[in-house]
Amino acid sequence: MATFDRTDHKILALLSKNARMSNKELARAVELSPSSVHERTRRLFESGVLAGAHADVRLDLLGLSLRALLFVQMSEHEKTNLDAFVMDVLKIPEVRAAWMISGRFDAVVEIVTRDTNHLHRIVVEKFSSRDEIHRIETSIIFENARQSDLSAALELAL
């Protein structure tokens with residue numbers, strides 16, 4: 001495992017807040033030359049620690065305003081196929097993310113839809129109809145908050 005210092009962590013924290021920060025702005029913020037910051041950023045990408053930069057698209061402004069979590073319990077004989085299930089549901093356009101979890105349920109799937117009718121159709125047609133699913137509980141997301149500043153979490157890694 002590669003080692004990363006406080007400067008690397010500061011670069012990661014800055015990029016987690018604003019992935020569009022220029023190399024020159026990063027260099028100024030961490031008090032290094034642009035070439036040094038460019039080399040550090042390249043190393044962070046090559047090591048896999050920095051996996052990409054993403055746009056935060058407001059799907060609600062595009063008509064996809066209903067978000068829900070599906071808590072999925074697999075049939076006992078299908079639990080070994082959980083990896084395949086997660087990869088398969090990611091092919092459904094309304095699915096934004098899927099996780100294997102511990103506890104009463106085996107997976108959580110985040111979906112985005114236009115309205116409750118669209119949600120109902122997706123749950124029935126794309127999930128309830130699957131033989132490997134024993135049970136689904138659906139929770140509508142009313143509000144969400146997200147922490148994009150990784151500064152505190154990165155301190156734990158030092």
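**Entry 1: the model**

I noted at the start that this is a predicted model. I count residues from 1 along the chain.

**Entry 2: helix α1**

I began with α1, which covers residues 6-17. Its 12 residues reach 17 Å from the first C-alpha to the last. That is close to the 16 Å expected at 1.5 Å a residue.

I then looked at the N-terminal end of α1, which D5 caps. A side-chain oxygen of D5 lies 3.1 Å from the backbone nitrogen of T7.

Which residues of α1 are buried? I listed D8, H9, I11, L12, A13, L14 and L15. I also looked up what covers them, and the cover includes α2, α3 and α6 (151-156).

**Entry 3: α1 against α3**

I took the packing of α1 and α3 next. Two packed helices are described by the angle between their axes and the distance between the axes. Here the angle is about 80 degrees, and the axes are 11 Å apart. Angles of 65 to 115 degrees count as roughly perpendicular, so α1 and α3 are roughly perpendicular to each other.

I wrote down the residues that meet. From α1 they are T7, D8, I11 and L12; from α3 they are V37, R40, T41, R43 and L44. By class, this contact has 4 nonpolar, 2 polar and 3 charged residues.

**Entry 4: α2 against α3**

I turned to α2 (residues 23-30) and α3 (residues 34-47). Their packing angle is about 105 degrees, and their axes lie 8 Å apart. That makes α2 roughly perpendicular to α3.

Which residues make this contact? N23, L26, A27 and V30 in α2 meet P34, V37, H38 and T41 in α3. I sorted the contact of α2 with α3 by class: 5 nonpolar, 3 polar and no charged residues.

I saw V37 and T41 in the α2 contact, and I had already listed V37 and T41 in the α1 contact.

I checked E31, in the loop between α2 and α3. Most residues other than glycine have a negative phi. E31 has a positive phi of about 60 degrees although it is not a glycine. Is E31 buried or exposed? I found a relative accessibility of 73%, so E31 counts as exposed.

I moved to N18, in the loop between α1 and α2. N18 has a relative accessible area of 35%, so I noted N18 as partly exposed. I also looked up N18 and V57: they are 39 residues apart in sequence and 14 Å apart in space, C-alpha to C-alpha.

**Entry 5: S75**

I looked for S75 and found it in the loop between β1 (66-74) and α4 (82-89). S75 has a relative accessible area of 11%. Buried means under 20%, so S75 is buried.

What does S75 touch, leaving aside its neighbours within four places in sequence? I noted D131, E132, I133 and H134. For D131 I have a distance too: its backbone oxygen lies 3.4 Å from a polar atom of the S75 side chain.

**Entry 6: L70**

I finished with L70, in strand β1. Its relative accessibility is 0%, so L70 counts as buried. Not counting residues up to four places away in sequence, L70 touches A107, V108, V109, I111, V123, F127, I136, E137 and T138.

How far is L70 from I141? I read 71 residues in sequence and 11 Å in space, C-alpha to C-alpha.

Conventions:
This is a predicted model: local features need pLDDT of at least 70, side-chain atom pairs count only at pLDDT 80 or more; totals for chains, interfaces and linings use all residues. Side-chain values use heavy atoms; hydrogens and water are left out. Axes are lines fitted to C-alpha atoms, for helices over the stretch in contact, and angles run from 0 to 180 degrees between N-to-C directions. Helices (H or I, at least four residues) and strands (E, at least two) are DSSP runs, numbered from the N terminus. Angles under 35 degrees count as roughly parallel, over 145 as roughly antiparallel, 65 to 115 as roughly perpendicular and the rest as oblique. Contact means heavy atoms within 4.5 Å. Ala, Val, Leu, Ile, Met, Phe, Trp, Tyr, Cys and Pro count as nonpolar, Asp, Glu, Lys and Arg as charged, and the others, Gly among them, as polar. The expected span of a helix is 1.5 Å times one less than its number of residues. Buried means under 20% relative accessible area, exposed over 50%, partly exposed in between (1.4 Å probe, protein chains only). A polar contact is a pair of N or O atoms within 3.5 Å; within protein, one must be able to donate a hydrogen and the other to accept it, and residues adjacent in sequence count only if both atoms are side-chain atoms.
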